[in-house]
Amino acid sequence: MLARHVDPIVAIATAPGRGAVGIVRVSGKGLVPLVQALCGRELRPREATYLPFRDVQGQAIDQGLALYFPAPHSYTGEDVLELQAHGGPVVLQLLLARCLQAAQAPAAHAGAVLPGLRVAQPGEFTERAFLNDKIDLAQAEAIADLIDASTEAAARSASRSLTGAFSQEIHALRDALIHLRMLVEATLDFPEEDIDFLEKADARGQLERLQATLAQVRQRAQQGALLREGIKVVIAGQPNAGKSSLLNALAGAELAIVTPIAGTTRDKVQQTIQIEGVPLHVIDTAGLRDSDDEVERIGIARAWSEIEGADAVLFLHDLSRADLPEYCAADAAVADSMQQKIPASVPVIDVWNKTDCASLGIEAVAKSNEPNEASRRSVRISARTGDGLDALRRILLEVAGWQSAPEGIYIARARHVQALAQVQGHLEQASAQLLIASPALDLLAEELRLAQNALGAITGEFSSDDLLGVIFSSFCIGK
């Protein structure tokens, strides 16, 4: 631990602003003198006590509940004191100042009550819980994900990760990997033995089963990461194709201005929606065309910037103009630009809008202009009537890689998915060694060790201080 990890800390643990209840939380070693100074009495462990919170002159700041959790039976694993008062910002600031003041006040024959008490940094209470082995790193991240969850499915998945569902799977993989490493190390240490440890213990079969289990964990982790992160979907196309109307239809609200005037949208308009619990960050952009208007050109440049960074693009076509040669030529030019600027891995969905306005003849013309690539998805909709929107939503889930939410899915982060990919890579190298008639056991052992380290990085068994700093700095103060 660093020196700052042993300092007693205090912070307001509730969100800024007015509320019915506000909490000031203190964590550290030996809080009994501070409890006595703040509350004027001893507190029974884990029992709420209603009493006045007084300032240094003995005047009541507020009346509320005080709870004392002696170590190690607390959130942080240290002594914890929580003062629950009315949730006014001024009241909570007064209580925070009183805690700091009481900590520095000299007690009889003992100097300061709690020397070194300071205001906590973001995420420092949860960091203490991690460092004191109350939770592992994946569970700590799940706390922040539960707070930040934007959908019900994400919240439930984060809750499962917090209870240890994800960590248990990682630990099971680690235990199987350790057993396999033991066999390889035994073969390295005792090469003269008549018994071939690897053959007798079916090391190859163990590794294959380990890889199969890892594949299942990776699949669930990818689904969990999708629940947490969502995908960025950009609506693009020529002016007046109905991009803003489509955004409004998907969001179920009038977010973007819709007019018959070309170039109405000058800047991006973004809204997060959810489909089956998966968050989709949908961005409406300026119509793509050549323009002499300086402001519109800036909007078009921003549109291309969003398109290039998208996870999926909805290329909107106007069925009511599909028989106009100049419109089709402009559409083809936009399609060519997209092909040059968008990575091949980013799906482009052709959305043929305004089915409510198009005649059968026009639809036939549009049909002839639709791309024939098997990998290119296409759907017909009416943003005005809602026709075809359900089909579009299904396609968006498909391109996102979402499968019907299985029971027991847990939240995951991009770093978890990357770590599991590293584990897979190391296991593939290990498997390649086992397929050789005379495997290089030292290389096999090293690949298994690296795989175990990658697994350990998920739960925090092998983590750098820099990684911990990045993770916990994203928390709110007081958590």
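The chain holds 16 helices and 14 strands, where helices (H or I, at least four residues) and strands (E, at least two) are DSSP runs numbered from the N terminus. This is a predicted model, in which local features need pLDDT of at least 70 and side-chain atom pairs count only at pLDDT 80 or more, while totals for chains, interfaces and linings use all residues. Residues are numbered from 1 along each chain as its sequence is written, and side-chain values use heavy atoms, with hydrogens and water left out.

Of the 479 residues in the chain, 46% are buried (under 20% relative accessible area; exposed is over 50%, partly exposed in between; 1.4 Å probe, protein chains only). Among contacts (heavy atoms within 4.5 Å) between residues at least 6 apart in sequence, 68% join residues at least 24 apart.

By the rule used here, a pair of cysteine sulfur atoms within 2.5 Å, the chain has zero disulfides. C99 is in none, and the nearest cysteine sulfur, that of C39, is 8.7 Å away. The table gives the accessibility of two cysteines.

| Residue | Relative accessibility | Class |
|---|---|---|
| C99 | 0% | buried |
| C476 | 41% | partly exposed |

An open sheet of six strands runs in the order β10-β11-β9-β12-β13-β14, with mixed pairing; two strands pair if DSSP finds at least two bridges between them. β10 (269–275) and β14 (378–380) stand at the edges with a single partner strand each, so one side of each has no neighbour in the sheet. Within the sheet, β9 (residues 231–237) pairs with β11 (residues 278–284) in the parallel sense over five bridges. K232 stands opposite H281 in β11.
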